[in-house]
Amino acid sequence: MSNTAIKQPTLPFWQVWNVSFGFLGVQFGFAMQNANVSRVLSDLGADLHSLSLFWLAAPVMGLLIQPIVGAASDRTWNRFGRRRPYILGGAIAAAIGMLLMPNAPLFVAFMAPMIFGGVMLALMDGAFNVTMQPFRALVADMVPSEQRTLGYSIQSLLINIGAVFGSILPFLLTNIIGLENTAKVGEVAPSVTWAFYLGATVLFGTVLWTVIRTKEYPPEQYNAYKGLDAAAVAAANQPRPLSHKLAEFWQLFINMPKTMRQLALVQFFSWFALFIMWVYTTPAITQYVWGVDAKWFDPVFLHTLDEIPKDIAVAKGAAGDWVGILFAGYSLFAAIFSVLLTKLARTLGRKPVYALSLLAGGLGYLSFLLFQAGAPTLVNLGFTQVTVPSGALGLIIPMVGVGMAWAAILAMPYAILSDTLPADKMGVYMGIFNFTIAAPQIVSGLFAGWILTSLFNNEAIYIIMLAGAAMVLGAVSVFFVKEDASK
């Protein structure tokens with residue numbers, strides 16, 4: 001039973017901004033992870049096949065944590081707020097993980113550095129998930145329906161601003177500050193280590209801004225805005241046996257809105273492709289553009305050497321830094337495109353914009369094959385100059401399409417979905433929806449390494465082609481989504 005909803009007031013632009021501002025820092029840290037964890041784990045001893053298995057920690061943590069946090073935050077009402085305690089707690093844990101991960105060699109007495117790095121990846125990603133899910137639900141709580149697309153577009157903009165600086169930071173520390181970007185066997189490059197330290201600081205600071213500057217609605221006001229019966233909500237929030245909670249969760253899962261089921265197919269192809277990009281862009285670019293043989297990613301071979309030859313170490317360091325530039329590029333293009341999303345969606349419709357964006361991303365991945373190693377080229381980036389193979393410079397072009405896809409993935413599914421969800425179950429359903437993000441990454445993590453070694457002979461550029469094909473299929477799948485609110 002529900003009451004007649006009182007119209008929820010629209011928020012000033014800067015209040016909508018403040019609600020999402022902490023996501024800038026969360027994505028700063030997330031981008032640090034995406035652009036550098038494969039590099040860090042490779043330096044610590046992971047081979048190409050096992051990289052995707054280590055990365056499984058990320059989606060598994062999301063699969064386990066987000067529904068639990070979503071359900072818990074739906075039922076949390078205290079003087080600190082409803083979503084804010086989880087947002088702040090997750091940020092603290094993520095910052096700790098970021099501080100510890102590059103120091104894995106210091107903990108060799110307890111476990112192998114590579115294993116410690118994997119544990120810290122799990123801690124960081126678990127903490128990011130604790131923070132992210134309540135952030136998405138916070139937007140749905142605070143922003144009225146007519147401002148939802150604006151709210152998620154601002155969130156997408158802030159995410160991508162954070163991602164630009166998080167991705168590019170190791171490059172800046174090397175080329176402006178002068179920190180070393182090469183790593184000895186079993187260690188992490190100093191530029192990457194300090195980037196993680198700075199990322200932890202930015203993450204915590206921006207999340208604290210949102211926590212302080214956002215005042216959540218008290219239960220009575222929230223229930224009135226959402227048309228919820230206060231007595232029914234209070235009864236639903238009473239302590240219950242775990243078996244009852246699991247039964248209720250299962251009922252919610254099997255009775256999820258049809259729109260969520262239809263979006264799941266799009267999400268599968270999209271996130272399957274993204275996972276491959278995050279795991280394998282560094283070895284793909286290092287091999288295909290910098291010309292480094294795959295054997296230099298084999299820890300068994302590396303440990304037969306006293307040290308890595310200087311030219312190989314320099315090439316791997318430069319390629320790793322350039323991946324940061326490319327990831328910053330797609331995040332920058334995504335930030336720009338996210339500003340246009342609201343207007344484009346109103347003009348053309350959400351589905352056509354979503355589909356065309358994913359198609360652009362798929363074509364971007366497929367075009368990687370056009371940019372192989374070439375003559376050394378001096379590139380003026382404004383703040384510094386670097387010499388890279390000509391193919392490396394060309395790879396900025398595909399990042400336009402990848403950025404369009406990323407902006408749409410961050411905003412459009414949530415804008416489409418949020419209007420179909422019951423307000424009192426918003427958090428738990430957002431958590432359930434995270435299954436559609438985690439599951440394809442788990443599938444990718446389990447099989448991508450085997451595909452790379454068995455079918456592609458460790459030539460990582462071809463696994464990027466597989467990502468392109470998956471993203472194109474995601475674009476096609478958008479047209480099977482119905483935007484009605486039927487359940």
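User: Which is Q441 in this structure, buried or exposed?
Analyst: The model is predicted, and the value here is computed from it. Q441 has a relative accessibility of 7%. The cut-off for burial is under 20%. Q441 therefore counts as buried.

User: Where does Q441 lie, and which residues does Q441 touch?
Analyst: Q441 lies in helix α18, which covers residues 435-454. Residues up to four places away in sequence are not counted here. Beyond them, Q441 touches L56, P59, W271, F275 and W278.

User: V443 is found in helix α18 too. How does V443 count by accessibility?
Analyst: V443 has a relative accessibility of 31%. Buried would need under 20%, and exposed over 50%. V443 therefore counts as partly exposed.

User: How far is V443 from F268, C-alpha to C-alpha?
Analyst: Along the chain, V443 and F268 are 175 residues apart. V443 is in contact with F268 and F272, leaving aside neighbours within four places in sequence. The C-alpha atoms of V443 and F268 are separated by 9.4 Å.

User: What is the relative accessible area of Q267?
Analyst: Q267 is found in helix α11, residues 258-288. Its contacts include F272, Y354, P413 and F433. Among the others are T436, I437 and P440. Q267 is buried, with a relative accessible area of 0%.

User: How are α2 and α18 oriented to each other?
Analyst: Two packed helices are described by the angle between their axes and the distance between the axes. Helix α2 (residues 48-55) and α18 pack with axes 8 Å apart, at an angle of about 170 degrees. Angles over 145 degrees count as roughly antiparallel. That makes α2, relative to α18, roughly antiparallel.

User: How many charged residues are in the contact of α2 with α18?
Analyst: From α2, the contact has L48, H49, S52 and L53. From α18, they meet G445, L446, A448, G449, W450, L452 and T453. By class, six are nonpolar and five polar. The number of charged residues is none.

User: How are α4 and α5 oriented to each other?
Analyst: The axes of helix α4 (residues 84-100) and α5 come within 8 Å. They cross at roughly 155 degrees. The cut-off is over 145 degrees. α4 and α5 are therefore roughly antiparallel.

User: Which is the crossing of α4 and α5, left-handed or right-handed?
Analyst: In α4, the residues that meet α5 include Y86, I87, M98 and L100. In α5, their partners include F116, M120, F128 and L138. The way α4 passes α5 is left-handed.

User: How many nonpolar residues are in the contact of α4 with α5?
Analyst: The contact of α4 with α5 has three polar residues. It has no charged ones. The nonpolar residues number 17.

User: How many aromatic pairs are there?
Analyst: Rings pair if their centres lie within 6.5 Å. By this rule, the number of aromatic pairs is 17.

User: What kind of pair do F21 and W209 form?
Analyst: The ring centres of F21 and W209 are 6.0 Å apart. F21 lies in helix α1 (residues 13-44) and W209 in helix α7 (residues 190-213), so the pair ties together parts that are 188 residues apart in sequence. W209 counts as partly exposed, at 40% relative accessibility. With 65 degrees between the planes, the pair of F21 and W209 is edge-to-face.

User: How many residues apart are F30 and F128?
Analyst: F30 and F128 form an edge-to-face aromatic pair, 5.9 Å centre to centre, with 85 degrees between the planes. F30 counts as buried at 10% relative accessibility, and F128 counts as buried at 1%. The pair links distant parts of the chain, F30 in helix α1 and F128 in helix α5 (residues 113-142). Their separation in residues is 98.

User: Which residues form one aromatic cluster with F30 and F128?
Analyst: W271 and W278, which Q441 touches, are in this cluster.

User: How far apart in space are I397 and S367, C-alpha to C-alpha?
Analyst: I397 has its place in helix α16, residues 396-418. I397 is exposed, with a relative accessible area of 58%. In sequence, I397 and S367 are 30 residues apart. In space, their C-alpha atoms are apart by 8.8 Å.

User: What is phi of N458 near?
Analyst: N458 is found in the loop between α18 and α19. At 25% relative accessibility, N458 counts as partly exposed. Its phi is positive, in a residue other than glycine. That phi is near 65 degrees.

Key. Residues are numbered from 1 along each chain as its sequence is written. This is a predicted model: local features need pLDDT of at least 70, side-chain atom pairs count only at pLDDT 80 or more; totals for chains, interfaces and linings use all residues. Side-chain values use heavy atoms; hydrogens and water are left out. Rings of Phe, Tyr and Trp (its six-membered ring) pair if their centres lie within 6.5 Å; planes under 30 degrees apart count as stacked, over 60 as edge-to-face and the rest as tilted. Helices (H or I, at least four residues) and strands (E, at least two) are DSSP runs, numbered from the N terminus. Buried means under 20% relative accessible area, exposed over 50%, partly exposed in between (1.4 Å probe, protein chains only). Axes are lines fitted to C-alpha atoms, for helices over the stretch in contact, and angles run from 0 to 180 degrees between N-to-C directions. Angles under 35 degrees count as roughly parallel, over 145 as roughly antiparallel, 65 to 115 as roughly perpendicular and the rest as oblique. A crossing is left-handed if the near helix is turned anticlockwise from the far one by less than a right angle, and right-handed if clockwise. Contact means heavy atoms within 4.5 Å. Ala, Val, Leu, Ile, Met, Phe, Trp, Tyr, Cys and Pro count as nonpolar, Asp, Glu, Lys and Arg as charged, and the others, Gly among them, as polar.
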